[in-house]
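Subject: Structure for you to look at

Dear colleague,

I am passing on the structure we spoke about, and below it you will find what I noted while going through it. Please read the notes with the structure open beside them.

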Amino acid sequence: MSMPKKTFLIACGGTGGHLSPGIALAEGLVARGYSATLLISRKKVDSRLAEKYPHLTFLRVPGSPLSLNPVRFAKFVFTQAHGFAYCANLVRRERPVGIVGFGGFTSAGIVLAGSLLGVPVALHEANRVPGRAVRVLSMVARRVYLPPGAHLSRHSLAVQRTMGLPVRKEIVRIPVAGARAQLGLDPQRPVIAVLGGSQGASSLNTWARDHAAAFAQVGVQVYCVTGLGKSGAETIENPSRHGEAVRTIFSPFCDRMGALLSAADLVVSRAGAGTIAELIRCATPAVLIPYPHAADNHQLANARLFEQQGGGIIVGETAMDTLAREVGDIIFNDGLLRKFRENLQRMDRANSLDILLDDLEALAGLSEPKAPAQPQAEGGAA
Ligand SMILES: CC(=O)N[C@H]1[C@@H](OP(=O)(O)OP(=O)(O)OC[C@H]2O[C@@H](n3ccc(=O)[nH]c3=O)[C@H](O)[C@@H]2O)O[C@H](CO)[C@@H](O)[C@@H]1O
């Protein structure tokens, strides 16, 4: 009779920035012979991202984000209490050997239930300014993974580890002509990809629409991922200065991020930790426009390291009127694009998933502990 597989529970819903590393981790655990269940939210973006992974087990847990609006606060309290009861039952039933939370409101119930029931709990923070969920829940965690240069001051260093963001295994660079053809783009013409994180960014969508004709004039194609519910799929053709048709594509969601980052000469994007890790993995230069209302301005902190390491530049939301000029200057500067790509290749840390898996196995008592990775200097890669 075969032994049941040891199970890890991974709480990673609410945004693509939480779910994508959760999927990467789940696939890594399954490849090492464990079973993994992903706890996600009931938001549309979670369902859409999960669709592509029918071989993984997803559970939609009750929960909603914290809000100071009285009605939404009452909803938060009610759904979190419901979520906690659901998670306590789940832990008793599944008897996981470890629990990993990637932050956000879906982590709270399972992390608290797991720690009360004696399961080793780890938290992973993707951003260079740790979020509220990770700060609060770190009190009960046996391990907290933080990006290079980030610390939780009130915490023992024995609990904290420096860790990059695990990237889904299919996000890899592929040959550019094939990538462009897959996406319905002309393989011969340059491409700018416009990304707004998992929810899309209205100001970047408007910018792409307003500048599509001007980029077409100079032969540049634009591929804009608008975000679910923000607009429908649409392909527009505008003339180049030689009268040829040049494409601009708007798509609400992208299932082939590896192909898109391979197709693009330059990305114009928000500065979510997930997108930045994928830009580094595919060595695609970017102009980052940090979302100005992100908690504690963490997107600016994420973007600053990317810029300091030479992967691209930052343009502030208030300087959007300069964005087209900046993008125009970079897209035709082959020397600068090459330099950005070289810098990005130096940043790649392809093994952060393996380091994470090794440490989780040790934490769950499934292997001998290894020496902790030395905290990295401020300039370490994501
Ligand atoms: C507005 C906001 O606060 N966003 C936060 C959210 O990221 P948010 O989900 O907005 O964005 P990220 O860039 O971190 O991640 C997006 C993820 O979704 C995937 N994707 C996106 C669009 C699409 O069409 N297809 C697709 O697969 C991307 O490949 C990536 O893996 O959590 C991140 C991690 O804590 C934070 O750094 C971000 O600041």
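The shell around the ligand is made up, by class, of 16 polar residues, nine nonpolar ones and one charged residue. Please bear in mind throughout that this is a predicted model. In total 26 residues surround the ligand, and the closest of them are G16, G17, G197, G272 and G274. Three helices, α1 (16–31), α9 (273–282) and α10 (298–308), each supply at least two residues of this shell. Because domain 1 (7–164 + 350–363) and domain 2 (176–347) both give residues to the shell, the ligand lies between them.

That brings me to the domains themselves. The protein is divided into domain 1 (7–164 + 350–363) and domain 2 (176–347), and the C-alpha centres of the two lie 29 Å apart. Across the boundary, 16 residues of domain 1 are in contact with 16 residues of domain 2. On the side of domain 1 that touches domain 2, the elements that give two or more residues are α1 and α2 (44–50), and α1 gives the most, with four residues. The residues of that side divide into seven polar, five charged and four nonpolar.

As a general point, nonpolar side chains tend to be buried together in soluble globular proteins. If neighbours within four places in sequence are left aside, I10 is in contact with G22, L25, A26, A36, L38, L39 and V100.

The buried residues of α3 are T79, G83, F84, Y86, C87, L90 and V91, and what covers them includes α4 (107–116). α3 is followed by R95, whose phi is positive, near 45 degrees.

Two other residues with positive phi may be worth a look when you examine the backbone. A283, in the loop between α9 and β13 (286–288), has a phi near 55 degrees, a positive value in a residue other than glycine. A283 has 19 other C-beta atoms within 10 Å and is therefore partly exposed, given that a buried residue needs 20 or more. N297, found in the loop between β13 and α10, likewise has a positive phi, of about 55 degrees, although it is not a glycine. With 14 C-beta neighbours inside 10 Å, N297 also counts as partly exposed.

Finally, a word on L228, whose place is in the loop between β9 (221–225) and β10 (234–239). L228 counts as partly exposed, with 17 C-beta neighbours inside 10 Å. Leaving aside neighbours within four places in sequence, L228 is in contact with K44, V45, R48, P252 and F253. The C-alpha atoms of L228 and R241 are separated by 33 Å, although the two residues are 13 apart along the chain.

With best wishes

How values were computed: Residues are numbered from 1 along each chain as its sequence is written. This is a predicted model: local features need pLDDT of at least 70, side-chain atom pairs count only at pLDDT 80 or more; totals for chains, interfaces and linings use all residues. Two residues are in contact if their C-beta atoms, placed from the backbone, lie within 7 Å. A residue is near a molecule or strand if its C-beta atom, placed from the backbone, lies within 6 Å of it. Ala, Val, Leu, Ile, Met, Phe, Trp, Tyr, Cys and Pro count as nonpolar, Asp, Glu, Lys and Arg as charged, and the others, Gly among them, as polar. Domain bounds come from an automatic or database domain assignment. A residue is buried if 20 or more other C-beta atoms lie within 10 Å of its own, exposed if 12 or fewer, and partly exposed in between; C-beta atoms are placed from the backbone.
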